[in-house]
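Biologist: Please put the protein up on the screen. I will ask about it piece by piece.

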Amino acid sequence: MTRDGHNGRRPRRRGQGELEAQVLTALCEAPGPVPAAWVQERIGGGLAYTTVVTILTRLLAKSAVTRARDGRSFLWTPAADGAGLAALRMRKVLDGETNREAVLARFVTALPPGDEQLLRDLLEQAEQPDAAPGPGEG
């Protein structure tokens with residue numbers, strides 16, 4: 001241990017999107033619209049307030065959260081859950097490709113059999129106009 005109380009190791013770096021997922025999870029558990037400080041407190045881990053605001057702003061740009069002015073700050077609300085955020089990421093990647101058909105074909109052929117069948121079932125449900133919303137919808 002060093003004098004500052006650390007064990008000499010650097011803190012583990014979070015994976016890409018991990019902080020966004022943690023922020024979104026905290027928002028989904030909130031009792032309603034909350035300030036960034038509330039999110040910061042729920043996440044813990046010594047995350048700076050400015051980092052939380054940056055993540056919330058990125059999520060806003062991805063349409064995963066909404067915000068409303070509250071005095072000089074904002075109150076934040078989730079517009080999507082974790083599954084919705086993953087779907088937004090997938091859509092963004094797909095929208096950035098020039099050959100959508102090839103990308104989708106490779107995606108489908110790389111799926112394990114259970115996931116492939118699940119995707120087929122979801123597509124079939126989506127084609128039915130009176131179909132009930134799928135998981136994470138509605």
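Biologist: In which loop does S63 lie?

Modeller: Helices (H or I, at least four residues) and strands (E, at least two) are DSSP runs, numbered from the N terminus. This is a predicted model in which local features need pLDDT of at least 70, side-chain atom pairs count only at pLDDT 80 or more, and totals for chains, interfaces and linings use all residues. Residues are numbered from 1 along each chain as its sequence is written, and side-chain values use heavy atoms, with hydrogens and water left out. S63 lies in the loop between α3 (49-61) and β1 (65-70).

Biologist: What is the phi of S63?

Modeller: S63 is exposed, with a relative accessible area of 52%; buried means under 20% relative accessible area, exposed over 50%, partly exposed in between (1.4 Å probe, protein chains only). S63 is not a glycine, although its phi is positive, at about 60°.

Biologist: In what order do the elements of the protein run?

Modeller: The protein has 6 helices and 2 strands. Read from the N terminus on, the order is α-α-α-β-β-α-α-α.

Biologist: Which residues touch the most other members of the largest nonpolar core?

Modeller: A nonpolar core is a set of buried Ala, Val, Leu, Ile, Met, Phe, Trp, Tyr and Cys residues joined through side-chain atoms within 4.5 Å. In soluble globular proteins, nonpolar side chains tend to be buried together. The largest core here has 19 residues, and those that touch the most other members are V23, L27, V39, L56 and L59. The elements that give two or more residues to this core are α1 (18-29), α2 (36-43) and α3.

Biologist: Which residues is L59 in contact with, leaving aside its neighbours within four places in sequence?

Modeller: Contact means heavy atoms within 4.5 Å. With those neighbours left aside, the partners of L59 are E20, V23, L24, A64, V65 and L85.

Biologist: At roughly what angle do the axes of α2 and α3 cross?

Modeller: Axes are lines fitted to C-alpha atoms, for helices over the stretch in contact, and angles run from 0 to 180 degrees between N-to-C directions. The axes of α2 and α3 come within 9 Å and cross at roughly 110°.

Biologist: Which residues make that contact of α2 with α3?

Modeller: Angles of 65 to 115 degrees count as roughly perpendicular, and α2 is roughly perpendicular to α3. From α2 the contact takes A36, A37, V39 and Q40, and from α3 it takes Y49, V52, V53 and L56.

Biologist: How many salt bridges are there?

Modeller: A salt bridge is a side-chain nitrogen of Lys or Arg within 4 Å of a carboxyl oxygen of Asp or Glu. By this rule the count is 5.

Biologist: Which residues are linked with D95 in a network of salt bridges?

Modeller: D95 and R91 both lie in helix α4 (residues 82-95), 4 residues apart, about one turn of the helix, and their closest N and O atoms are 3.1 Å apart. D95 also forms a salt bridge with R100, at 2.9 Å. D95 is partly exposed at 43%, and R100 is partly exposed at 35%. The residues linked with D95 in the network are R91 and R100.

Biologist: What is the N to O distance between R120 and E116?

Modeller: R120 and E116 both lie in helix α6 (residues 113-127), 4 residues apart. R120 is partly exposed at 47%, and E116 is partly exposed at 25%. Their side chains meet in a salt bridge with an N to O distance of 2.7 Å.

How values were computed: Parallel < 35°, antiparallel > 145°, perpendicular 65-115°, else oblique.
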